[in-house]
Amino acid sequence: MSFPWANQYQPENEFMKWMDSRLPLPRLIYNAIGAGYPVPRNLNYFWNFGVLAGVALVIQILTGVILAMHYAANVGVAFDSVEHIMRNVNSGWLLRYAHMNGASFFFIVVYIHIFRGLFYSSYKAPREMVWLLGLVIFLLMMATAFMGYVLPWGQMSFWGAKVITGLFSAIPLVGPALQEWLLGGFSPDNATLNRFFSLHFVLPFVIFGVIILHIWALHIPGSSNPTGIEIKGQQDTIPFHPYYTAKDGFGLGIFLIFFCILTFFMPNFLGHPDNYIPANELSTPAHIVPEWYFWPFYAILRAFTFDFLFIPAKLLGVIAMFGSILLLFFLPWLDKSPVRSGHYRPIFRKFFWFGLIPCILLLGYLGGAPAEEPYVMLSQLASAYYFAHFLIILPIISMTEKPKPLPNSITEAVTGKPLESAA
Amino acid sequence: MIRLFGIAAGAGFTLILLYSFVMGAVNFIKEPPVKAVEYSFHKHPEKPGFAHEGIFGKFDRGQLQRGLKVYQEVCAACHSMNLVAFRNFEDLGYSEGQIKTIAKNWATETPSINPDTGEASTRPSLASDQIPSPYLNDVQARAANNNALPPDLSLMTKARHDGTNYVYSLLTGYTDPPSDLPEENRPGTGLYYNAYFANLNIAMAPPLNSEGQVSYDDGTKASIDQMAKDVSAFLAWTAEPKMEARKSIGLGVIGFLIVFTFLAYFSYQNIWADLKAQKRKD
């Protein structure tokens, strides 16, 4: 579907005409991310991050495919093969550091993208499917990133794999068998490393496929916008190209500057020194921590320290950790407010900025901290707020809150003048 | 319906967490956790300052050559350097001929086989060889070191927090144990007190223990501090041999991106000029 006033693709020359009548791929691109896609005129910089996430995935795939040409997935040589890339492969250090930090930046932009969706309630009808597919992408990213971290076969790789697959052993009855099946053995070993490499290579292409579905689903209703009101006429929109391609170009420049500062000047800042020690199953690191982008979830996992009604604490933690992501799938139906944008929802907005955001940042900090007091007590309070926010506070304020008056149209919100021709 | 279920689930999670919090808090008050003794005696690395620090920092070639000498004459007796080859010393400013000499004269020879009998033997190293390990295997290394395994040093400065400063501080940080150190934290037989080491007691005897232990070719006075600094800088190079290329390419890339971003910003403003003119002024 598109808006009736969308620009129509015009093949520029005979070849493009020939092409268009046989394989209309240029037309598809024109309608998807070109001048044929009308977009609200009032998008702010938070709307840059979808494109940036796509760029981050492309960086990961390009660097990753070349790294895979030099990497060897065998426990005997994996660590040394990464160092071979760092030392002997031409520009190998650049590929490897870009891939390492690219993963972090992929998560940074995706987290901002998700929180944009949360603040502007982009998950609401008619865009539920966009949100659900986005969460599928997020889960696939987490799996991919986790398996990628195992590949260098350093200390954190090994012990991270052991701890994370160990979570499955908390499941009653089938747990231990499931963990063995996932690892291909009793402990992370060559079978684990090989299957993780295989999956780490293939999953990004699955992510790419789901991104196509994500964009397809987005193009049915069209992009949301900071006012949260629907497009009512041609004046409310501008073509994606050149307006948003130009804005995204600027955003991309800023993104790449930050990315390159880390990659070139502090490449190991986000990593853990222990992963430069080869994996050794006889020596457990003092603090086993996952990569920073998992810290909020790791904090929730570790917040459950007491058995409750015969349910072991470990199982509770595992349920809560997966639940903390799964509950996001239900947001479109938990939040019943007819108003989307947080700008027009005074109570929702306060809980978002003064509740959810500090709570997530605190959980992130606590997930990286050692499992000691007072960190554990703080993570219990923060986790309690996390669940209360999405499952109790949000449904209740969405029913009780009185939203502020909405502008009549996007055009009016931007120019102060009413939309002349309603569609 | 879904919201009722959600509220119930949310209430469940929240209650269990608050219950855990209260239980934890009660325990915390009843038995306040005791900080491990290591916390109060452990020291963070000193910062002696290295030429290669900062975004413009480059390795000091003279220092790296001195550091190599310290490694070769002191550390290499126990610590391997598996990831570095003799040919890499070209980066330190040595010529091909000098590298061949260093390789040939290295205290440990490269493992090989006798070409006639096929039996295991050794031969003098070539420039293309990796630096040979002082021990045949970990078992031999432990047997020679009171059951402690001297770690490979190739990546040491990246494998510890604040690694280069850590190596320097560790090498210069051997002291007598403080008088208020509890008995169970005092070094046992074959252990040495070092406040920079994670558990305060390290199995490595102070490796740099006398001035002039290494005689520097460039006339620099080989004080313990100087040797520790030089070998730390050398280990920073072995861990990150491409650092200079990384920083110089990085400066070019950032410069390019700043220009690109300015151009992108102006084209964005240009393309949006007609739309921005319609924007209300408030």
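I started in chain B, at B:Ala36, which sits in the loop between α1 (2-30) and α2 (37-41). Helices here are DSSP runs of H or I with at least four residues, strands are runs of E with at least two, and both are numbered from the N terminus.

A note to myself on ground rules: this is a predicted model, where local features need pLDDT of at least 70, side-chain atom pairs count only at pLDDT 80 or more, and totals for chains, interfaces and linings use all residues. Residues are numbered from 1 along each chain as its sequence is written, chains are lettered from A and ligands numbered from 1 in the order in which they are written, and side-chain values use heavy atoms, with hydrogens and water left out.

Next I took α3(B). This helix has 13 residues and spans 18 Å from first C-alpha to last, close to the expected 18 Å at 1.5 Å a residue. (The expected span is 1.5 Å times one less than the number of residues.) Its buried residues include B:Leu64, B:Leu68 and B:Tyr71. The buried residues of α3(B) pack against α4 (96-105) and α7 of chain B, where contact means heavy atoms within 4.5 Å.

Then came α8(B), residues 243-277. I noted 35 residues and a reach of 48 Å, close to the 51 Å expected. Where is the kink in α8(B) centred? The kink is centred on B:Ile271, at about 45°. (The bend at a residue is the angle between axes fitted to the seven residues ending there and the seven starting there.) Among the buried residues of α8(B) are B:Ile254, B:Leu257, B:Thr261, B:Ala264 and B:Tyr268. I like this general rule: an α-helix has 3.6 residues a turn, so residues three or four places apart point the same way. The buried residues of α8(B) pack against α5 (92-119), β2 (237-239) and α10 (240-265) of chain A, along with α3 (61-73) of chain B.

A:Glu83 is buried, with a relative accessible area of 3%. Leaving out residues up to four places away in sequence, A:Glu83 touches A:Tyr276, B:Leu83 and B:Leu155.

A:Gly160 is in helix α7 (residues 155-168) of chain A. At 16% relative accessibility A:Gly160 is buried, and beyond its neighbours within four places in sequence it is in contact with A:Phe146 and A:Ile288.

Technical notes: Buried means under 20% relative accessible area, exposed over 50%, partly exposed in between (1.4 Å probe, protein chains only).
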